[in-house]
Amino acid sequence: MDTTSEIMTALRAGRALLGLSQEELAALAGISRQVVARIEKGEGNVLVESIERVRAALEAAGVVFIDGEGMRGPGVALIRAARIQADVDQ
């Protein structure tokens, strides 16, 4: 993913795929909810380490980040095992 807005959109989409609140994602990433909100808004005053922690937390929960190529833009997906487990948990 190339642009800051694409990265922020992908992180927000990953959180949505998992059905997590900002508070829940913040707890998984070990940062505050306010930092998650600033990341998702694309604010410039966020440490790269915080963004990496959010991405790592989402990936650990089963989110896969997909780079754009050609006519297709970047995106996110949920690995099948995580989707099956989420269905079982509900």
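Select Glu40 to begin: this residue lies in helix H3, where helices (H or I, at least four residues) and strands (E, at least two) are DSSP runs, numbered from the N terminus. The model is predicted: local features need pLDDT of at least 70, side-chain atom pairs count only at pLDDT 80 or more, and totals for chains, interfaces and linings use all residues. Residues are numbered from 1 along each chain as its sequence is written, and side-chain values use heavy atoms, with hydrogens and water left out.

**Glu40 and Arg15**

Glu40 counts as buried because its relative accessibility is 9%; buried means under 20% relative accessible area, exposed over 50%, and partly exposed in between (1.4 Å probe, protein chains only). Display the surroundings of Glu40 next. Leaving aside neighbours within four places in sequence, Glu40 is in contact with Met8, Arg12, Arg15 and Gln22, contact being defined as heavy atoms within 4.5 Å.

From that group, select Arg15, which is found in helix H1. Glu40 forms a salt bridge with Arg15, and the closest N and O atoms are 2.6 Å apart. The pair ties together parts that are 25 residues apart in sequence, because Glu40 lies in helix H3 and Arg15 in helix H1. A salt bridge here is a side-chain nitrogen of Lys or Arg within 4 Å of a carboxyl oxygen of Asp or Glu. Arg15 counts as buried, at 16% relative accessibility. Beyond four places in sequence, Arg15 touches Leu20, Ser21, Gln22, Leu25, Glu40 and Leu58.

**Along helix H3**

Just after H3, Gly42 takes a positive phi of about 80 degrees.

Val36 is the next selection, within helix H3 (residues 33–41). With a relative accessibility of 2%, Val36 counts as buried. Setting aside residues up to four places away in sequence, Val36 touches Gln22, Leu25, Ala26, Ile31 and Val54. Draw a C-alpha to C-alpha distance from Val36 to Gln22: the two are 6.3 Å apart in space and 14 residues apart in sequence.

**The nonpolar core**

In soluble globular proteins, nonpolar side chains tend to be buried together. A nonpolar core is a set of buried Ala, Val, Leu, Ile, Met, Phe, Trp, Tyr and Cys residues joined through side-chain atoms within 4.5 Å. Select Leu11, Leu25, Ile31, Ile39, Val54 and Leu58, which touch the most other members among the 19 residues of the largest such core. At least two residues of this core come from each of helix H1 (4–18), H2, H3, helix H4 (48–60) and strand E1 (63–66). H4 gives the most, with four residues.

Centre the view on Ile31. Not counting residues up to four places away in sequence, Ile31 touches Ala26, Val36, Ile39, Ser50, Arg53 and Val54.

**Helix H4 and its charged pairs**

Move to Arg53, which forms a salt bridge with Glu49, the closest N and O atoms being 3.9 Å apart. Glu49 and Arg53 are separated by about one helical turn, because they are four residues apart in helix H4. Glu49 is partly exposed at 48% relative accessibility, and Arg53 is partly exposed at 36%.

Select Glu59 and Arg55 next; they form a salt bridge whose closest N and O atoms are 3.0 Å apart. This pair, too, is four residues apart in helix H4 and therefore separated by about one helical turn. Glu59 is partly exposed, with a relative accessible area of 37%, and Arg55 is partly exposed at 36% relative accessibility. The count of salt bridges comes to four.

Turn to Val64, in strand E1. Its relative accessibility of 34% is why Val64 counts as partly exposed.

**The whole chain**

Finally, colour the chain by pLDDT, the predictor's confidence in each residue, from 0 to 100. The mean is 86, and 87% of residues reach 70 or more. Confidence is highest in helix H2 (residues 22–29), at a mean of 97, and lowest in helix H5 (residues 80–89), at 60. From the N terminus on, the elements run α-α-α-α-β-β-α.
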